[in-house]
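Please look through the sequence and the model before reading on.

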Amino acid sequence: MKRTLFSAFLLSGTLLLGACNNNKAAEVGAEGMNAAATAAAANPVVDNPNVTNETEAPNPNAPVMTFAKAEHDFGDIKPGEVVKHTFEFTNTGKSPLLIETATASCGCTTPNWTKEPVQPGQKGTIEVQFDSHGKTGIQNKEVAIQANTQPSITKVTIKTNILPDGQNGPVRQ
């Protein structure tokens with residue numbers, strides 16, 4: 001019994017001394033993590049060259065994505081119906097427009113866009129497909145298009161009203 005107790009005491013002492021290594025040099029610096037956080041806040045790094053702050057002038061030669069119509073209403077559709085609409089835009093800027101990505105606000109909406117650079121004065125398209133499976137009632141979905149424009153994100157919107165399927169019969173009130 002004494003042997004087991006002594007072994008347990010020796011093992012816990014060894015673990016305690018190993019865990020409390022105070023001779024280790026500080027890796028972050030003399031002032032710790034707060035100094036690094038303060039320095040980063042004082043000198044923010046902007047990764048996206050198209051993002052501007054309030055003091056920086058916008059690039060006058062940047063491409064501009066101009067939609068004739070940035071919203072489409074499909075009206076009433078049947079449950080489970082898949083509908084599509086193609087938005088057309090014009091590059092009204094002075095340099096080629098390149099779409100990096102387009103993301104939808106819902107997994108039920110799928111965007112497809114012009115992959116080649118759109119030259120100034122030329123047209124491009126954003127095709128948006130909406131799948132109404134599992135949806136009911138009025139739906140509003142946005143597609144955010146990220147491109148080399150200023151601002152870098154442009155949004156288009158689709159709307160629809162999914163009619164009740166009538167399989168459950170009339171609703172008792």
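Predicted model: local features only at pLDDT ≥ 70, side-chain atom pairs only at ≥ 80, totals over all residues.

Residues are numbered from 1 along each chain as its sequence is written, and side-chain values use heavy atoms, with hydrogens and water left out.

Student: In what order do the four strands of the open sheet lie?

Tutor: Strands here are DSSP runs (E, at least two residues) numbered from the N terminus, and two of them pair if DSSP finds at least two bridges between them. The pairing in this open sheet is mixed, and its four strands follow the order 2-8-7-4. Strand 2 (71-77) and strand 4 (99-104) each pair on one side only, which makes the edge strands strand 2 and strand 4.

Student: Which residue of strand 7 is the bridge partner of I99?

Tutor: Strand 4 pairs with strand 7 (residues 137-147) in the antiparallel sense, over five bridges. Within strand 7, the bridge partner of I99 is A147.

Student: Is the disulfide of C106 and C108 right-handed or left-handed, and why?

Tutor: A disulfide is taken as a pair of cysteine sulfur atoms within 2.5 Å, and C106 and C108 are joined with an S to S distance of 2.4 Å. Both cysteines count as buried (under 20% relative accessible area, with exposed over 50% and partly exposed in between, using a 1.4 Å probe and protein chains only), at 15% for C106 and 11% for C108. Because the torsion about the S-S bond is about 130°, the disulfide is right-handed.

Student: How many residues does the largest nonpolar core have?

Tutor: A nonpolar core is a set of buried Ala, Val, Leu, Ile, Met, Phe, Trp, Tyr and Cys residues joined through side-chain atoms within 4.5 Å. I145 is listed with M65, F67, F89, I99 and I126 as having the most contacts inside the largest core, and the contacts of I145 (heavy atoms within 4.5 Å) include M65, F67, I99 and I126, leaving aside neighbours within four places in sequence. Strands supplying at least two residues each include strand 1 (65-67), strand 3 (82-91) and strand 6 (123-131). The size of this largest core is 23 residues.

Student: Is T157 buried or exposed?

Tutor: T157 is found in strand 8 and touches A70, E71, H72, F87, K141 and E142, not counting residues up to four places away in sequence. Since its relative accessibility is 17%, T157 counts as buried.
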